[in-house]
Amino acid sequence: MKVYRDQMNREVSITTEVTRIVSLVPSQTEYLYDLGLGNHVVGQTIFCIHPEEQFASAHKIGGTKKLHLDKIRALKPDLIIGNKEENDQGQIEELQKEFPVWMSDIFTYSDAREMMLALAEILAVSERGQVIVNETDKEWERSRGMLQGSMLYLIWRDPYIAVGTQTFIHSLCEHIGFKNACHKQRYPQISNAEVQSDLDYILLSSEPFPFKQKHIEELEELNPQAKVKLIDGEICSWYGSRLKYMYSYFSTFKKAHEG
């Protein structure tokens, strides 16, 4: 038996070689596939859409906050991998009575790389994990300060919900040079007056709300001085190996929208 400590400071005891994994978080599921462990992933959520070529045939066990516990039990996993923010606490507590459950808790890039290295160690692929982390380290540093301006990052409409501090998205956006105009913590509901404040950008995430052109026009009327732009929510919030695409994405964003 091996005992590990997860990012919620919980002890996780693993008594057997891990060959059957249930992953409850899209970004972490993608990372498992990039580690070369796709054949070990026996269950994943309906939102674990990457890699796309494996998604159709993957065994789905519900949504991140509405897991089908009976389906998970039937898979008899050696390890379940979740996240404090993305998964329901009650469901996680039920699962950990029966299975080893390793939980991430991520606010910064440092937390993300710690998660990647820890999982690679647990799953006996440390060398591959280090290669991926080295790659994401490079992309993270290349992306430092490449954009500028104040911004409001919206993830929902009616009511408007913004990304505040104490979130990974906040950390990433500030790292690439944006200044978050929302100083409230986590994901606060905001008023039209806050949307109409002095802003360079209003960024509309591609997830979880499906912002469209009509929503851009609606916000342009509310705040004519701001540039209202769609932004890839996966790039900004998936804190695993998807980070290796961030420099390329934000370089394209910069060319399209700055100036």
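Which residue forms a salt bridge with glutamate 30, and how far apart are the closest N and O atoms?

**View 1. Glutamate 30 and arginine 242 form a salt bridge in this predicted model.** The closest N and O atoms of the two residues are 2.6 Å apart, a salt bridge being a side-chain nitrogen of Lys or Arg within 4 Å of a carboxyl oxygen of Asp or Glu. The pair links distant parts of the chain, since glutamate 30 belongs to helix α1 (residues 26-34) whereas arginine 242 sits in the loop between α10 (233-237) and α11 (246-257), 212 residues apart; helices (H or I, at least four residues) are DSSP runs, numbered from the N terminus. Glutamate 30 and arginine 242 are both buried, that is, under 20% relative accessible area with a 1.4 Å probe, protein chains only.

**View 2. Arginine 242 also forms a salt bridge with glutamate 234.** Here the closest N and O atoms are 3.7 Å apart, and glutamate 234, like arginine 242, is buried. Through shared partners, salt bridges join Glu30, Glu234 and Arg242 into one network.

**View 3. Arginine 113 and aspartate 137 meet through their side chains in a salt bridge (2.8 Å, N to O).** Arginine 113 lies in helix α5 (residues 109-122) and aspartate 137 in helix α6 (residues 126-142), so the pair ties together parts that are 24 residues apart in sequence.

**Notes on all views.** The structure holds 14 salt bridges. Residues are numbered from 1 along each chain as its sequence is written, and side-chain values use heavy atoms, with hydrogens and water left out. Because the model is predicted, local features need pLDDT of at least 70 and side-chain atom pairs count only at pLDDT 80 or more, while totals for chains, interfaces and linings use all residues.

Conventions:
Helices (H or I, at least four residues) and strands (E, at least two) are DSSP runs, numbered from the N terminus. Buried means under 20% relative accessible area, exposed over 50%, partly exposed in between (1.4 Å probe, protein chains only).
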